[in-house]
Amino acid sequence: MECWIIACKNSLERTKVSLDMYFSLKNFTPEFFTNRDPKSRWFQNVTKIAYSFPMPILTPEFNRVCVCGFFDTDFSKLELVDLCRVAGMFSDLTRGEDYHVAYIYVLDLANVSIGITNKLSLTTLKKWEVITSNCFNLRIRSIHIVNAPPYINMLMGIAKAVLRPKIFKRIHVHENGIESLSDHIPKKSLPQEYGGDGGSVAEIWNSWKKYVESRREWFLQQDKLKSVESKRPGKAMNHGNIFGFEGSFRQLGFD
């Protein structure tokens, strides 16, 4: 609970709203919050394709670096909802156990082919953005994209449509390799593959996966905990007043 309050900037009122949202969203978006068994086939499949883990050492400003990327270029085996669901599992654990100020994300697009755009549902991405902001209360200091593909402008257009403007402005695209990462992130908070001293991606990822799997019973128990909406006083919650849309985008504009 302490970490949750810190994520809500020490506001008890904001924490109460966040807790309400968290347990309510288990009813409205079960695709993200249920069937979170680390031993299930979908979990084993997605964690062989992609990685997303927190680095063990904080930056001097007490920020947590999270490194994300892909092992496999075959995205026919990847489902966006499963990728978000794994991210939610990791967020649950770090929010309950990790003390930090904000996140710095390193997103490696080296193995990303243009075929991934076929997997990017704007509705799913927007729902996930709302969940991470209002439910997990992720405080994002910056997002660093490395090994950007030639069609990065297309991906940035999608990001602009989904992310809040202040978060979109915090995206940095490193077009000339990974060397410039060390200008923003200390080497001790980066893996070896990104010019750091913090161990290899494979070692950290395997260790993190094992820890998640060791918390299997906790995740199975959490699947059962959700709000009872029939007992909610006042105005009922629905997709419209949570996400601001009724399940689909009517119109989108790209620059």
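Reader: Hi! Which residues of α2 are buried?

Author: Thr 15, Ser 18, Leu 19, Met 21, Tyr 22, Ser 24, Leu 25, Lys 26 and Phe 28. Buried means under 20% relative accessible area with a 1.4 Å probe and protein chains only. This is a predicted model, where local features need pLDDT of at least 70, side-chain atom pairs count only at 80 or more, and totals for chains, interfaces and linings use all residues. Residues are numbered from 1 along each chain as its sequence is written, and side-chain values use heavy atoms, leaving out hydrogens and water.

Reader: Nice. What covers those buried residues?

Author: The cover includes α1 (2–7), α3 (30–33), α5 (80–97), α6 (122–134), α10 (216–222) and α11 (239–243). Helices here are DSSP runs of H or I with at least four residues, and strands are runs of E with at least two, numbered from the N terminus.

Reader: Switching topic: what is the strand order in the sheet?

Author: The open sheet of 5 strands runs β1-β2-β3-β4-β5, with mixed pairing. Its edge strands, β1 (50–54) and β5 (171–174), each pair on one side only. Two strands pair if DSSP finds at least two bridges between them.

Reader: And how many bridges join β4 to β5?

Author: There are 4, and these two strands run parallel. Val 146 stands opposite His 174 in β5.

Reader: Last one: which element gives the most to the lining of the largest cavity?

Author: That is α5, with 8 residues. In total 48 residues line this cavity, and Cys 68, Leu 83, Leu 107, Leu 125 and Trp 128 lie nearest its centre. A cavity is a set of points on a 1 Å grid over the protein atoms alone where a 1.4 Å probe fits but cannot get out, and lining residues have an atom within 4 Å of a point.

Terms used: Buried means under 20% relative accessible area, exposed over 50%, partly exposed in between (1.4 Å probe, protein chains only). Contact means heavy atoms within 4.5 Å. On a 1 Å grid over the protein atoms alone, a cavity is a set of points where a 1.4 Å probe fits but cannot get out, and a pocket is an open set with protein on both sides within 12 Å along at least five of seven lines; lining residues have an atom within 4 Å of a point.
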